[in-house]
Amino acid sequence: MTAFLDWLANLPPVWVIVAAGVLVFGECTLGLGFIAPGETGLFVLGTTATSPPAFVVMWLVTTVCAVGGDSVGFLIGRRYGARLRESRIVRRHGAQHWDRATAFLRRRGAVAVLVAIFLPVLRTLLPAAAGAAGLPFRTFLPAVLVGATGWCALHIGLGAAAGETARRVEKLVGTGSTIAAVAVVVVLAVVVLRRRRTVSRSGIEKHGTQGGE
């Protein structure tokens with residue numbers, strides 16, 4: 001496991017940063033979170049943030065990309081909202097999520113944006129849904145700035161912590177116990193991602209129930 005982490009860390013830093021930025025921009029703009037959750041990508045790439053400067057650079061770049069991607073997604077939703085709801089990818093993952101997201105955004109505005117950013121399913125739908133819901137951009141942008149800053153910092157930080165934990169465990173138990181190190185990272189990733197998925201489902205069900213009332 002440490003061999004993989006070391007390989008990742010030894011890649012040209014600029015390309016790691018570019019990969020992180022493209023991943024985040026793609027999820028926010030094009031809905032790539034339906035295919036590969038951005039949290040997972042940032043978690044893995046975050047293992048390379050082994051120093052404060054590396055963390056800050058990745059954090060700033062991904063935050064800018066997230067805000068840029070969300071803004072483009074917002075404009076797409078404003079222009080093609082009705083068509084997006086009927087698109088194949090939205091229907092495949094449940095048009096009800098789109099309806100709940102737009103209803104939640106209309107009711108709660110900036111608060112809904114901040115909440116949705118941290119919920120995997122809603123996060124992917126958030127930018128376009130906000131545009132389709134008619135949320136003013138002056139309301140959307142400040143909330144996205146705050147939410148994206150926290151979202152990127154959280155997942156990069158989790159990745160950095162998991163990578164450091166894996167290295168320490170493998171060093172303690174010996175280089176021959178790679179399986180133990182792998183298990184640590186896998187367990188950490190599964191716990192984090194499952195917990196966030198559970199929170200996402202609970203949030204969707206809660207907001208759907210409130211909308212029904």
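The side chain of Thr-62 reaches the backbone oxygen of Met-58 at 2.7 Å. This is a polar contact, a pair of N or O atoms within 3.5 Å; within protein, one atom must be able to donate a hydrogen and the other to accept it, and residues adjacent in sequence count only if both atoms are side-chain atoms. The model is predicted, so local features need pLDDT of at least 70 and side-chain atom pairs count only at pLDDT 80 or more, while totals for chains, interfaces and linings use all residues. Residues are numbered from 1 along each chain as its sequence is written, and side-chain values use heavy atoms, with hydrogens and water left out.

Thr-62 lies in helix H4. Helices (H or I, at least four residues) and strands (E, at least two) are DSSP runs, numbered from the N terminus. With a relative accessibility of 0%, Thr-62 counts as buried. Buried means under 20% relative accessible area, exposed means over 50%, and partly exposed is in between (1.4 Å probe, protein chains only). Neighbours within four places in sequence aside, Thr-62 is in contact with Ala-20, Gly-21, Val-24, Leu-42, Cys-152 and Ile-156. Contact means heavy atoms within 4.5 Å.

The chain as a whole is helical in its listed elements. It has 10 helices and zero strands. Of its 213 residues, 42% are buried. Among contacts with a separation of 6 or more, 80% join residues 24 or more positions apart. The accessible surface of the chain is about 10800 Å², and carbon and sulfur atoms hold 67% of this area. Such areas come from the Shrake-Rupley method with a 1.4 Å probe; for residues, only the protein chains shown count as cover.

Nonpolar side chains tend to be buried together in soluble globular proteins. Here, the largest nonpolar core has 37 residues. A nonpolar core is a set of buried Ala, Val, Leu, Ile, Met, Phe, Trp, Tyr and Cys residues joined through side-chain atoms within 4.5 Å. Met-58, Leu-105, Val-113, Leu-126, Leu-135 and Phe-140 touch the most other members. Two or more residues each come from helix H2 (13–30), helix H3 (38–45), H4, helix H6 (95–108), helix H7 (110–117), helix H8 (120–132) and H9. The largest share, eight residues, comes from H9.

Leu-105 shows some of these links. Beyond its neighbours within four places in sequence, Leu-105 is in contact with Ala-112, Val-113, Leu-126, Ala-129, Ala-130, Ala-133 and Leu-135. In H7, the buried residues are Ala-112, Val-113, Ala-116 and Ile-117. Seen down the axis of H7, they fall within an arc of 130 degrees, so they line one face of the helix. The arc is that of the directions from the helix axis to the C-beta atoms.

Aromatic rings were examined next. The structure holds four aromatic pairs. Rings of Phe, Tyr and Trp (its six-membered ring) pair if their centres lie within 6.5 Å; planes under 30 degrees apart count as stacked, over 60 as edge-to-face and the rest as tilted. The ring centres of Phe-74 and Phe-137 are 5.3 Å apart and the planes lie at 55 degrees, so this pair is tilted. The pair links distant parts of the chain, with Phe-74 in helix H4 (residues 52–85) and Phe-137 in helix H9 (residues 137–173), 63 residues apart. Phe-74 is buried, at 1% relative accessibility. Phe-137 is partly exposed, at 32%.

Phe-137 also forms a tilted aromatic pair with Phe-140, at 6.2 Å centre to centre and 35 degrees between the planes. These two residues are three apart in helix H9, so about one helical turn separates them. Phe-140 is buried, with a relative accessible area of 0%. Together, Phe-74, Phe-137 and Phe-140 form one aromatic cluster. The C-alpha atoms of Phe-140 and Phe-74 are 8.6 Å apart in space, and the residues are 66 apart in sequence. Leaving aside neighbours within four places in sequence, Phe-140 is in contact with Asp-70, Ser-71, Phe-74, Val-113, Leu-126, Pro-127, Ala-130 and Leu-135.
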